[in-house]
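Dear colleague,

Please find below the sequence and the structure that I am handing over to you.

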Amino acid sequence: MASQHVVAGLDIGGTKISAVLCDRSGTVLAAGVVPAPAREGGPAMTAAAAALVRSLEQGSGLVTVAAGVGAAGVIDQASGTVRAASESFTDWVGYAIGPELSNALGVPVAAENDVNAFLMGELRWGSVAGSAHAIGITLGTGVGGAVAIDGRILSGPHGAAGEIGHTPGYSDLVCTCGQVGHLETLASGRSIEARYAERVGADGTTGVEIAELARAGDADATAVFDAAGHALALAIATAVNLFDVVEVVVGGGVREAWDVLEPSLSATLAENEPVSGLALAVHPARLGGRAVALGAAALAWPLADERAAAAIDIEADVAAPASPVGMTA
């Protein structure tokens, strides 16, 4: 008989929803991906996510006792509500993804920002496993950031702690958020493509193709990745001094071009060492596309334990003998 003690971890993004069912060791026992109906609103996203978990349960014979979700946008962890999101989503801001998904699945759900979940996954089972303090940065369509202190994600009072992608001073370019000079204007996958297009005067070259050109010695492609690495390094240098953390993990799609991003990154960091005097370690992420879902699953286990403890208390109350009539307990 399959174990009942599994949790679901979900990664909800603008184009796809990924899910895993895993045990306490992080072993993935079932996994799947479906398109994300981001333009159809929060209820449609919840329905798609719940249906994916149900299909994984049916296919594996496992039963989910709790779930975690890493969702795109700024998430209020206390209420499980989306506070801010990109224009890729319809009716996402203000949507209570945590409670709604809990209602749909019938289990407790922990809701987090996807980058926070990414860092939790890497802390538990990835490239910074065993560390209690770390900074996580994802370079994808945008740039996300997260901070962990004493093994716990630092969310901040509004759920936006660690959002390094929207810190200014890196360029004179307009960011996707409408403000100027953010890290995201140089270091995101979308920006790398845009900066290369500006240099060569033509659109359409993908980030993967630009990385290949850089590996082949193309000057424009190399310059774009050098600028991205330099900007990322300055952001890391600021963050590690601000939080007194010397372990950093970098993930997202651009991480696949680590070999062409890292030279400029390392050179800039060598000139901007932590004030603590401790050696700084910047790691490429290890968990790949499952990091967010696995991190969300890690966040779900405390809820599963609370649910199990509550069930034991109820059973004990039911089993306890009634006090004799006229006697006090």
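A residue is called exposed when its relative accessible area is over 50%, and buried when that area is under 20%. Please keep in mind that this is a predicted model.

I begin with exposed residues in loops. Asp91 has a relative accessible area of 61%, so it counts as exposed. Asp91 lies in the loop between S6 and helix H2, which covers 97–105. Its backbone deserves a look: phi of Asp91 is near 50 degrees, a positive value in a residue other than glycine.

Asp150 also has a positive phi, of about 55 degrees, although it is not a glycine. Asp150 sits in the loop between strand S9 (143–149) and strand S10 (152–153). With a relative accessible area of 58%, Asp150 is exposed, because that value is over 50%.

Glu40 belongs to the loop that runs between strand S3 (28–35) and helix H1 (42–60). Its relative accessible area is 62%, and Glu40 is therefore exposed. How far apart in space are Glu40 and Phe89, C-alpha to C-alpha? The distance is 8.2 Å, while 49 residues separate Glu40 and Phe89 in sequence.

I turn next to buried residues. Thr81 is in strand S6, which spans residues 81–84. At 18% relative accessibility, Thr81 falls under the 20% limit and so counts as buried. The side chain of Thr81 makes a polar contact, at 3.1 Å, with the side chain of Ser79. Beyond its neighbours within four places in sequence, Thr81 is in contact with Val74, Ile75, Asp76, Gly94, Tyr95 and Ala96.

Ser191 is part of helix H5, residues 189–200. Is Ser191 buried or exposed? Its relative accessible area is 9%, so Ser191 is buried. A polar contact of 3.0 Å joins the side chain of Ser191 to the side chain of Ser188. If residues up to four places away in sequence are not counted, Ser191 touches Glu184, Thr185 and Leu186.

Pro274 lies in a loop, between H8 and strand S12 (281–284). Residues up to four places away in sequence aside, Pro274 touches Val240, Asn241, Val246 and Leu280. The C-alpha atoms of Pro274 and Glu247 are separated by 11 Å, and these two residues are 27 residues apart along the chain.

The last finding concerns a pair of helices. Two packed helices are described by the angle between their axes and the distance between the axes. Helix H7 (residues 219–243) packs with helix H8 (residues 258–270) at an angle of about 45 degrees, and their axes are 7 Å apart. H7 is therefore oblique to H8. The crossing of H7 and H8 is right-handed.

Which residues make this contact? H7 contributes Phe225, Asp226, Ala228, Gly229, His230, Leu232, Ala233, Leu234, Ile236 and Ala237, and H8 contributes Val260, Leu261, Ser264, Leu265, Thr268 and Leu269. In the contact of H7 with H8, eleven residues are nonpolar, four are polar and one is charged.

Yours sincerely,
A colleague

Note on methods: Residues are numbered from 1 along each chain as its sequence is written. This is a predicted model: local features need pLDDT of at least 70, side-chain atom pairs count only at pLDDT 80 or more; totals for chains, interfaces and linings use all residues. Side-chain values use heavy atoms; hydrogens and water are left out. Helices (H or I, at least four residues) and strands (E, at least two) are DSSP runs, numbered from the N terminus. Buried means under 20% relative accessible area, exposed over 50%, partly exposed in between (1.4 Å probe, protein chains only). A polar contact is a pair of N or O atoms within 3.5 Å; within protein, one must be able to donate a hydrogen and the other to accept it, and residues adjacent in sequence count only if both atoms are side-chain atoms. Contact means heavy atoms within 4.5 Å. Axes are lines fitted to C-alpha atoms, for helices over the stretch in contact, and angles run from 0 to 180 degrees between N-to-C directions. Angles under 35 degrees count as roughly parallel, over 145 as roughly antiparallel, 65 to 115 as roughly perpendicular and the rest as oblique. A crossing is left-handed if the near helix is turned anticlockwise from the far one by less than a right angle, and right-handed if clockwise. Ala, Val, Leu, Ile, Met, Phe, Trp, Tyr, Cys and Pro count as nonpolar, Asp, Glu, Lys and Arg as charged, and the others, Gly among them, as polar.
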